[in-house]
Amino acid sequence: MNDEKAKWLDAAMTASSKKTIKELFAADPRRAKRFSAEAAGWFLDYSKNRVDRKAMKALVRLAEASNLREEIERMFTGEKINRTENRAVLHTALRNCDPAAKVMVDGRDVMPDVRAVLARMGDFADAVRSGGWRGHTGRRIRFVVNIGIGGSDLGPVMANLALTPYAKRSLRFFFVSNVDSTHLAETLRQVKPAETLFIIASKTFTTQETMSNAAAARAWLVERLGDEAAVAKHFVAVSTAEKEVAAFGIDTANMFVFWDWVGGRYSLPSAIGLSLMIAIGRNNYAKFLKGCWKMDRHFRTARFDRNLPVILALLGILYSNGYGAETYCCLPYDQYLARFPAYLQQMDMESNGKSTDRSGKPVDCATGPIEWGEPGTNGQHSFYQLIHQGTHLIPCDFIGCCRTHNPIGDLHDKLMANLFAQTEALAFGKTAEECRAEGVPEDLVPFRTFEGNRPTNTLLCKELTPETLGALIALYEHKIFTQGIVLDIFSFDQWGVQLGKVLAKGVLSDLTAATPSGRHDASTNQLIARYRAAVGR
């Protein structure tokens, strides 16, 4: 951080460290209302944080010192802010619901292409859902298998689960990502070839894991249906590589494109979301995009002190760079959001897991946190002990929905009671005096005392819908972008992903060659030799 930014972070830290959360509430009867904000169907209560008005003002000045407002505009207007790859960053264009909107890249409005792909996706989804699209033998599609990895998998997996109540129940959806053959094999055991549609999601159609699984699925289908021509009726592509798609046997009329200004982990609103559109239908998918767009507009226009993504981002920076918190926990109290922490894990850690600043120099601050989480209440019986009484400071986001899609007795009341109680316990803890007043034996008082002062945010919506899910995704996308700007790193490249992929090719050749090259380090050569011996090579 430069001196100006460091000054405001120091000021925020100085104010933040003066009082505990408990003392802050005692000093301000209006604290809960004062430290809450709302946008796009989501209510944020951030009052259980180690901040007062002075600390928040300093954090806002930190954002201003980072030229955040200008950087937001640069992203939304199509400037090539992904400098190391010379690309614009325009996932926001994918869900721009303004019919008159123009978004320019290299002097060309991209919105007509975006709308055209969405229309084609909608037509195809309608055909599959209605039975108009038939397999090679004339059977209706009953199974949809998405084959992708990273952003081509985590987003669709998460969103399809999250929006299960809106899905067409006569269709079953599967997602294959791991090149471990078990993942594909166990999926193929559950589907019937004559009734299965495969969506191959790979921008270049060269991703090793995806294309290996796709080739294996193709061979499985052809063997069982006995005709190479069946591929065209059971495979579609989400890609830009027309030649490779055609060579695979997919009719390029059934290739759905996206663009190099769409990063993989931000690609769910693009054609990567085809499986989601088939599941929930084009109308619900439009509502999903609308939710993203509403949060986009909020982020672009709201004052920083009322801006949900900015508030979450600045609080995160306070804890990681002020208090030395290394991890951050996402805790959705909704079973439909069970895969949301894993989705955020990629989005955050792949975006901001960087050690080089935008000038190419080593960073002088903590960047992306280690992100993790599980749905409540499972986590309470697993890792909450460490959050409450461990030696690590772990800021947490709690996410809840006031209404459930599955009302059974008082189960939802109990779920939400646990959510609210956990944030209360983390904030206020329990003193030794309170333990003694409850009759806790003196020798057990140290074990039953809770320090409290553990920071949490609570995000609440009325109900998990396509629109509120879209807004939630956009909220975290923009939080991560904001942190990247303040920390002066590039959030939209991922060069660290590439090295292992490149090395794997050389290792693979040594695993299968008549004689291994021995070119690797001693440990890797030893592992290769042991593997070859085990499989009889």
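Student: What makes D106 count as exposed?
Tutor: D106 has a relative accessible area of 64%, and exposed means over 50%, buried under 20% and partly exposed in between, using a 1.4 Å probe and protein chains only. So D106 is exposed. Bear in mind that this is a predicted model, where local features need pLDDT of at least 70, side-chain atom pairs count only at pLDDT 80 or more, and totals for chains, interfaces and linings use all residues. Residues are numbered from 1 along each chain as its sequence is written, and side-chain values use heavy atoms, with hydrogens and water left out.

Student: Where is D106, and what is its phi?
Tutor: D106 lies in the loop between strand 3 (104–105) and strand 4 (108–109). Its phi is positive, about 50 degrees, although D106 is not a glycine. Strands here are DSSP runs of E, at least two residues, and helices are runs of H or I, at least four, numbered from the N terminus.

Student: Is F205 buried or exposed?
Tutor: F205 has a relative accessible area of 6%, so F205 is buried. Phi of F205 is near 60 degrees, again positive in a residue other than glycine, and F205 is in the loop between strand 7 (196–201) and helix 9 (208–225).

Student: Why is N352 called buried?
Tutor: Because its relative accessible area is 1%. N352 is in helix 14 (residues 340–352), and its side chain reaches the backbone oxygen of I480 at 3.0 Å.

Student: How do the axes of helix 7 and helix 12 cross?
Tutor: The axes of helix 7 (residues 154–162) and helix 12 (residues 274–301) come within 9 Å and cross at roughly 15 degrees. That makes helix 7 roughly parallel to helix 12: angles under 35 degrees count as roughly parallel, over 145 as roughly antiparallel, 65 to 115 as roughly perpendicular and the rest as oblique.

Student: Which residues meet there?
Tutor: P156, A159 and N160 in helix 7 meet S275, L276 and A279 in helix 12, with contact meaning heavy atoms within 4.5 Å.

Student: What makes helix 20 oblique to helix 21?
Tutor: The axes of helix 20 (residues 498–512) and helix 21 (residues 522–534) come within 9 Å and cross at roughly 40 degrees. That makes helix 20 oblique to helix 21.

Student: And which peptide bond is cis?
Tutor: The one from G376 to T377, with omega near 5 degrees. T377 sits in the loop between strand 11 (370–372) and helix 15 (384–389).

Terms used
Axes fitted to C-alpha atoms, helices over the stretch in contact; angles between N-to-C directions. Polar contact = N/O pair within 3.5 Å; in protein donor to acceptor, adjacent residues only side chain to side chain.
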